[in-house]
Amino acid sequence: MKMLLNLIRVFAVVFIMPAMAVPHGEQELVELPYYGSAEFTPHWFKSDSPELADFHQVPEFSFTDQQGESVTLDTVKDKIYVASFFFTSCPGICPRMRSQLSKVQSEFLNDDDVIIISHSIQPGNDTVEVLQQYAQKNGIEAQKWHLVTGEREQIYALARNAYFANEDLGEFVSNEDFLHTENLVLVDKNRHIRGIYNGLNNTSVTNLITDMKLLMSTQ
């Protein structure tokens with residue numbers, strides 16, 4: 001039953017909620033919701049709403065990307081970004097997610113206000129050198145798309161507690177385990193989560209790109 005309820009919830013988040021962000025013919029609602037918990041309940045705040053002062057934000061982080069450069073809050077300052085999780089030797093969902101994220105890279109390649117951050121969930125294996133080779137092999141542009149490695153504990157804590165990236169899998173996950181997720185998380189310029197999308201689904205990634213453009217027009 002728990003698995004069924006979680007699957008229903010994921011379906012609602014991935015396929016229904018993104019569509020809710022831009023109701024046709026209702027210009028007054030052309031805003032994206034804010035999300036502050038693993039349930040992904042949408043909160044419809046104005047950008048100057050006082051509730052946002054204490055609303056969930058992505059906390060500080062420090063990683064190293066494929067260029068050996070630090071990726072911190074300074075990297076995402078005044079930028080919209082998409083967060084994802086992967087590992088370079090993944091033979092399953094990662095190549096499909098990479099293909100979908102390549103569409104995002106192409107769409108916003110010349111827009112300095114947009115970046116992608118893909119966190120390795122096997123940082124012990126995914127060194128800077130390995131990430132650099134992976135990026136070169138797959139046409140990943142360093143200034144647009146950061147493949148990051150770092151402290152395993154920080155990556156896992158950020159995935160669970162900041163992005164809620166693997167909370168919807170319906171299975172118990174210990175502190176030592178991480179069940180790989182296909183979720184893509186959209187974060188605005190103020191480090192608020194504004195959407196979650198299925199990185200394996202064409203329609204969902206199209207919704208992501210649409211929502212990113214909407215967010216750019218409202219921030």
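For sorting lining residues, Ala, Val, Leu, Ile, Met, Phe, Trp, Tyr, Cys and Pro count as nonpolar, Asp, Glu, Lys and Arg as charged, and the others, Gly among them, as polar. This is a predicted model, in which local features need pLDDT of at least 70 and side-chain atom pairs count only at pLDDT 80 or more, while totals for chains, interfaces and linings use all residues. Residues are numbered from 1 along each chain as its sequence is written, and side-chain values use heavy atoms, with hydrogens and water left out.

**Overall fold**

- The protein has six helices and seven strands, where helices (H or I, at least four residues) and strands (E, at least two) are DSSP runs numbered from the N terminus.
- Along the sequence these elements follow the pattern α-β-β-α-β-α-β-α-β-α-β-β-α.
- Of the 219 residues, 48% count as buried, a term that means under 20% relative accessible area, with exposed meaning over 50% and partly exposed the range in between (1.4 Å probe, protein chains only).
- Among contacts (heavy atoms within 4.5 Å) with a separation of 6 or more, 69% are accounted for by residues 24 or more positions apart.

**Pocket and cavities**

- On a 1 Å grid over the protein atoms alone, a cavity is a set of points where a 1.4 Å probe fits but cannot get out, whereas a pocket is an open set with protein on both sides within 12 Å along at least five of seven lines; lining residues have an atom within 4 Å of a point.
- Grid points are joined across faces, edges and corners, and a volume is the space filled by probe spheres set on the points.
- The largest pocket holds about 230 Å³ of space, and of the 15 residues that line it, Ile115, Ala142, Gln143, Lys144 and His146 lie nearest its centre.
- Seven charged residues, four polar and four nonpolar make up the lining of this largest pocket.
- There are three cavities of 30 Å³ or more, and the largest cavity contains about 70 Å³ of space.
- The lining of the largest cavity divides into nine nonpolar residues, two polar and one charged, and includes Phe85, Met97, Tyr134 and Trp145.
- Helix α3 gives the most to the lining of the largest cavity, with four residues.

**Helix α5**

- In helix α5 (residues 152-162), the buried residues are Ile155, Tyr156, Leu158, Ala159, Arg160 and Ala162, and they pack against β1, β3, β4 (114-120) and β7 (193-198).
- Phe164 follows α5 and has a positive phi, near 50°.

**Loop residues**

- Phe40, in the loop between α1 (2-20) and β1 (62-64), has a phi near 55°, a positive value in a residue other than glycine, and counts as buried because its relative accessibility is 4%.
- Asp78, in the loop between α2 (73-76) and β3 (80-86), likewise has a positive phi, near 60°, but counts as partly exposed because its relative accessibility is 48%.
- Thr88 is found in the loop between β3 and α3 (93-107), and, leaving aside residues up to four places away in sequence, touches Asp126, Val130, Leu131 and Tyr134.
- The C-alpha atoms of Thr88 and Ala135 are separated by 9.5 Å, although these residues are 47 residues apart along the chain.
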